[in-house]
Amino acid sequence: METVNYTNPEYFWNRELSWIGFNERVLSEAKDKSLPLFERLKFLSITASNLDEFFMIRVASLKDMVHAKYTKPDIAGMPPKEQLKEISKRTQELVAAQYNTYNRSLLPALKKCGLSLIREHEDLTKRQCAFADQYFEDNVYPVLTPMAMDSARPFPLIRNKTLNIGALISKKDKKGKDELEFATVQVPSVLPRIIRLPEDEKGNQAVILLEEIIERNIGKLFLNFDVVCAYPYRIMRNADLTIDEDEAADLLKEIQKQLKKRQWGEVIRLEVEDKMDERLLKILKAEFAIKDEDIFAINGPLDLTFLMKLYGMDGFDEYKAPGYKPCPVPDMQTDEDIFTQIRRKDIFLHHPYMTFNPVVDFVRQAAKDPDVLAIKQTLYRVSGNSPIIAALALAAENGKQVTVLVELKARFDEENNIEWAKMLEKSGCHVIYGLLGLKTHSKITLVVRREEAGIRRYVHLGTGNYNDTTAKLYTDCGILTCSARIGEDATAVFNMLSGYSEPKTWNKLVVAPIWMRDRFLHQIEMERENAANGRPAHIIAKMNSLCDRDIIAALYEASAAGVKIDLIIRGICCLKTGIPGVSENITVRSIIGTFLEHSRIFYFFSNGQEEIFMGSADWMPRNLDKRVEIIFPVEDEKIKEEIKHILQIQLDDNVKAHILQPDGTYEKIDKRGKVLVNSQDYFCREAEEKSKRTEEIGHDHIFIPAEAPEV
């Protein structure tokens, strides 16, 4: 029998192209006319924001490889140059699809609901012109700083992601227009980009973008010149930080220094209006040293992230989905203190369907409780006005031992985290900046409390960040427990983070980067062995991304042996389905909905013993090899049933699920003749019903709706 090479490059999709496919799925929500109009605006805005980050990090990294003459292919057999070529083609197509959706579908629909978005200032009525010009004089003109380029003034620094207007100008006393000079002005981000115009006689509303008002009045910035042409442009720079931690005596200062470099990194993308004057484009192209394939000619306003602000406009609630208010946690609807409740039993949290308040209250009550001796927590991304940060500061002020690991290398949150770290230190907290060469991405809080029976440890473990804002938008899971063995492991985690003390064994937790990869490969191998021996075998894994070669190869081997494998992967998936004899037993679905699917859940049938793990790690090399991550087992039988139920509903989703096809495309499920299951809507309704039922019959119960599919 011929041995199959499960690491054959033909068996893998390229990571970057898979990510573009994910953003195309988000764009499909913007195209979906069954959704409320303003929800579609939001999804289109998200695709633009996603694409910005993709270029600043992933495309930038590939360009660095090409500059360094790095030619090693990825797991799909594509070297960096080939990846960049294909990425350019796919992203140009994606941007064209974005603006096709914006121009042909969303703008006409907005007009029908009484909101006109004026595309060009030439389309303003006389009354609107007067308003726009006065607005410019009163609010905009004082803020602007026009910058010219000539022999005495070099090309100015154009900041990353800023919107600018480039112009060609000519001195008024010159008879010809041959001696043109370049000038630019930044569209100020301190002013609102969306400007409301006076309503028309019928009460219809209209808005115009700030850059159009500036463009209309740009002659006022260059009084001794004629403005030959003026067009908006925007650049994207390499924002991938390169930090030599071995050489950095002070990591905090080194990161602050590197953050400043983001403003003058290599230009990797130039967006211009598609009607831009060729002479102006030629200057920009030369000054930014950018190739044609990295120039995006846009048929519409640059930077569609402004649509999120448009979504927030008052007066259009009928075109938005009703806001969802997270429900109380059924097991916690009581006046008892949180520690008493956790001692009674482990508490399962499912956000955003259940409120994030218990996590905040856990830290808040610990800060005030005289019996609490110490609080230890890892922080990766927190909200702007974080109640958890405030509670940690209060705990330190109350004399408790507070240790906080603040991950300074959390991408695009570096500056926020530096500020939080400084504030916590001033409050008396002991702040750790993470391990050398590793990001700490784990989500864990440990509270050490003195009780009659002795010292007891209370632990929160989760799949998402300690961020009360995103907890209303991301789907995540967590548990509150006082398991002695998990408590011992939690102490070992913080000792490892603060003192480099590596435990030889763990009771319950599975920790990366040393132990997690082997544990997952072992669990997959056990399922393969069971299937090979004729026993039932099943794996369900839910995560954000799957691109680890060894994990995928192990899944292929398990599938070939007969293991049923159901993967729920929101974003990147490098695994191919439908390969004869290799992946025929594997299904992959991506659920794109109102909430961002963010929880990581791993189910193994384990010959009927049914093992379930949750935690912070995806099946990616960075999570398994380059980060401190924690996966924890779910051992409470009632919580196990709840999680199996969650997985089953997601597998039954036929409204928001996209199924990966053998050719790499994703298709929605044919719903004809089927009962519609939208998993996110289902969990919203279920949480509301649980909350009502708990109020009626008390707290100690499990609620599974009668219509729930069998697990």
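**Notebook: helices, sheets and rings**

I began with helix H1, which is mostly covered, with 14 of its 17 residues buried. I count a residue as buried under 20% relative accessible area, as exposed over 50%, and as partly exposed in between (1.4 Å probe, protein chains only). The model is predicted, so I note that local features need pLDDT of at least 70 and side-chain atom pairs count only at pLDDT 80 or more, while totals for chains, interfaces and linings use all residues. Residues are numbered from 1 along each chain as its sequence is written, and side-chain values use heavy atoms, with hydrogens and water left out.

**Entry 1: helix H1**

I looked up the extent of H1 and found residues 15–31. Helices (H or I, at least four residues) and strands (E, at least two) are DSSP runs, numbered from the N terminus. From its first C-alpha to its last, H1 reaches 25 Å, close to the 24 Å expected at 1.5 Å a residue. The expected span is 1.5 Å times one less than the number of residues.

Which residue caps the N-terminal end of H1? I found Asn14 there, with a side-chain oxygen 3.0 Å from the backbone nitrogen of Glu16. For such a polar contact I need a pair of N or O atoms within 3.5 Å; within protein, one must be able to donate a hydrogen and the other to accept it, and residues adjacent in sequence count only if both atoms are side-chain atoms.

**Entry 2: helix H11**

I then turned to helix H11 (residues 387–397), which is also mostly covered: eight of its 11 residues are buried. I list the buried ones as Pro387, Ile388, Ile389, Ala391, Leu392, Ala393, Ala395 and Ala396. The cap at the N-terminal end of H11 is Ser386, whose side-chain oxygen lies 3.2 Å from the backbone nitrogen of Ile388. After H11 I noted Gly399, which has a positive phi, near 90°.

Strands of a sheet pair through backbone hydrogen bonds, either parallel or antiparallel. I count two strands as paired if DSSP finds at least two bridges between them.

I found an open sheet of three strands in the order S1-S6-S5, with mixed pairing. Strands S1 (115–118) and S5 (194–197) are the edge strands, each pairing on one side only. Direction ignored, neighbouring strands of this sheet are turned by 30° against each other on average. S5 and strand S6 (residues 205–209) run antiparallel and are joined by four bridges. Arg196 stands opposite Val207 in S6.

What packs on this sheet? I found helix H4 (residues 126–140), which touches S5 and S6 and has a direction at about 135° to that of S5. Contact means heavy atoms within 4.5 Å. Axes are lines fitted to C-alpha atoms, for helices over the stretch in contact, and angles run from 0 to 180 degrees between N-to-C directions.

**Entry 3: the sheet of six strands**

I looked up another open sheet, where six strands follow the order S2-S4-S3-S7-S8-S9 with mixed pairing. Its edge strands are S2 (147–149) and S9 (295–298), and each pairs on one side only. The twist from one strand to the next averages 30°. Strand S7 (residues 225–237) and strand S8 (residues 267–273) run antiparallel, with five bridges between them. I noted Leu270 in S8 as the bridge partner of Ile235. Helix H2 (residues 37–67) lies across S7, S8 and S9, at about 140° to S8.

**Entry 4: strand S10**

Is strand S10 (residues 347–351) covered or open? I found it mostly covered, with five of its five residues buried. Ile347, Leu349 and His351 are buried on one side, and Phe348 and His350 on the other. Five bridges join S10 to strand S17 (residues 474–481), and the two run antiparallel. Phe348 stands opposite Ile479 in S17.

**Entry 5: aromatic rings**

I searched the whole structure and noted 27 aromatic pairs. Rings of Phe, Tyr and Trp (its six-membered ring) pair if their centres lie within 6.5 Å; planes under 30 degrees apart count as stacked, over 60 as edge-to-face and the rest as tilted.

Phe339 and Tyr458 form an edge-to-face pair, 4.9 Å centre to centre with 65° between the planes. Phe339 lies in helix H9 (residues 338–344) and Tyr458 in strand S16 (residues 454–462), so this pair ties together parts that are 119 residues apart in sequence. Phe339 counts as buried because its relative accessibility is 1%, and Tyr458 counts as buried at 0%.

Trp506 and Trp515 also form an edge-to-face pair, 5.4 Å centre to centre with 80° between the planes. Trp506 counts as buried at 14% relative accessibility, whereas Trp515 is partly exposed at 21%. Last, I noted one aromatic cluster formed by Trp19, Phe22, Phe54, Phe55 and Phe296.
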